[in-house]
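Biologist: I'm new to this one, so please walk me through it slowly.

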Amino acid sequence: MAFTRPEPIDEEIALDNTKYIESETDTKGIITGCNDYFAEISRYTKEELIGQPHSIVRHPDMPKIAFKLLWDRIQQGKNLTAVIKNLAKDGRYYWVFTHFEIERDINTKAIIGYKAYRKAVSKHIKELLEPLYKNLTEVEKIGGMEASERALNDFLKSGGDDVTFDNLMEEIHRFY
Ligand SMILES: Cc1cc2nc3c(=O)[nH]c(=O)nc-3n(C[C@H](O)[C@H](O)[C@H](O)COP(=O)(O)O)c2cc1C
């Protein structure tokens, strides 16, 4: 399928906070399955989604460093929760809490894929993370990923010596 990235528009898709947006991928991030709600919200059909890289819903406002942290983490076999802004086929966006889980072969225990469960994020969290992500995206454009990693670490340090991206996301998850 020839894929033209949708042009983002500044319009949010309202999510039903009783439903999860679910998808699963192989070890490279190629979508191998998803639920109906993912198709409904992203405005793609399941047929359009399955077989595509998960970056099909990547929003340009998301900093690359967030995905680097995600992949570093899940490739080590560790679960993770992250807040992500996604892009639908019609250019609109939706923010989600995404919980990533590792799928392993029952016998060899080797990682065979990943699963993601997403739910709605409160307005408060969006307002907290939007300026951080915007800043990191801008820093990246000028100084690349190393610069944004430094900027993220500086931001985390301002919250205390032991704050990591991971526990920031966990704290946010717990309190909002
Ligand atoms: C199970 C799983 C779910 C993912 N879900 C999303 C998602 O909802 N949105 C997104 O932008 N990236 C998601 N990713 C990350 C993408 O694979 C990719 O790293 C990201 O979109 C950045 O794209 P890029 O590496 O081409 O810059 C997911 C990855 C996995 C393994």
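Modeller: Two strands count as paired if DSSP finds at least two bridges between them. Strands themselves are DSSP runs of E with at least two residues, helices are runs of H or I with at least four, and both are numbered from the N terminus. Residue numbers start from 1 along each chain as its sequence is written. This is a predicted model, so local features need pLDDT of at least 70 and side-chain atom pairs count only at pLDDT 80 or more, while totals for chains, interfaces and linings use all residues.

Biologist: Got it. In what order do the strands of the sheet come?

Modeller: The order is β2-β1-β5-β4-β3, five strands in an open sheet with antiparallel pairing. β2 (31–34) and β3 sit at the edges, each pairing on one side only. From one strand to the next, the twist averages 30 degrees.

Biologist: What holds strands together in general?

Modeller: Strands of a sheet pair through backbone hydrogen bonds, either parallel or antiparallel.

Biologist: Back to this sheet, then. How many bridges join β1 to β5?

Modeller: Five, and the two strands run antiparallel. One place to look is Ser 23, whose bridge partner in β5 is Ala 116.

Biologist: And on the β2 side of β1, how many bridges are there?

Modeller: There are three bridges, again in the antiparallel sense. Thr 25 has Ile 31 as its bridge partner in β2, and Glu 24 stands opposite Gly 33 in β2. β1 and β2 make a hairpin with five residues between them, and Gly 29 in the turn has a positive phi of about 90 degrees.

Biologist: Which residues of β1 are on its covered face?

Modeller: Ile 21, Ser 23 and Thr 25 are on the covered face, while Glu 22 and Glu 24 are on the uncovered one.

Biologist: Which helix packs on the sheet?

Modeller: α3 does, touching β3, β4 and β5, and its direction makes about 140 degrees with that of β3. Touching here is contact: the C-beta atoms of two residues, placed from the backbone, lie within 7 Å. For the angles, axes are lines fitted to C-alpha atoms, for helices over the stretch in contact, and they run from 0 to 180 degrees between N-to-C directions.

Biologist: New topic: the ligand. Which residues come nearest?

Modeller: Gly 29, His 54, Ser 55, Arg 58 and Ala 116 come nearest, of 17 residues around the ligand. To be near it, a residue needs its C-beta atom, placed from the backbone, within 6 Å. So Gly 29 from the hairpin turn and Ala 116, the partner of Ser 23, turn up again here.

Biologist: Which element gives the largest share of that shell?

Modeller: β5, with three residues. β1, α3 (64–75), β3 (80–87), β4 (93–104) and β5 (111–120) each supply at least two. By type, the shell has seven nonpolar, seven polar and three charged residues. Nonpolar means Ala, Val, Leu, Ile, Met, Phe, Trp, Tyr, Cys and Pro, charged means Asp, Glu, Lys and Arg, and the others, Gly among them, are polar.

Biologist: How many residues does the largest nonpolar core have?

Modeller: It has 32, and Leu 49, Ala 82, Val 83 and Val 96 have the most contacts inside it. Such a core is a set of buried Ala, Val, Leu, Ile, Met, Phe, Trp, Tyr and Cys residues joined through C-beta atoms within 7 Å. A residue is buried if 20 or more other C-beta atoms lie within 10 Å of its own, exposed if 12 or fewer, and partly exposed in between, with C-beta atoms placed from the backbone.

Biologist: What does Leu 49 touch?

Modeller: Leaving aside residues up to four places away in sequence, it touches Ile 31, Cys 34, Phe 38, Ala 39, Tyr 44 and Ile 56.

Biologist: Last stop, the loops. Why does Lys 109 count as exposed?

Modeller: Because Lys 109 has 9 C-beta neighbours inside 10 Å. It lies in the loop between β4 and β5, and has a positive phi of about 70 degrees although it is not a glycine.

Biologist: And Arg 43, where is that?

Modeller: In the loop between α1 and α2 (46–49). Arg 43 is partly exposed, with 16 other C-beta atoms within 10 Å. It also has a positive phi of about 70 degrees without being a glycine.
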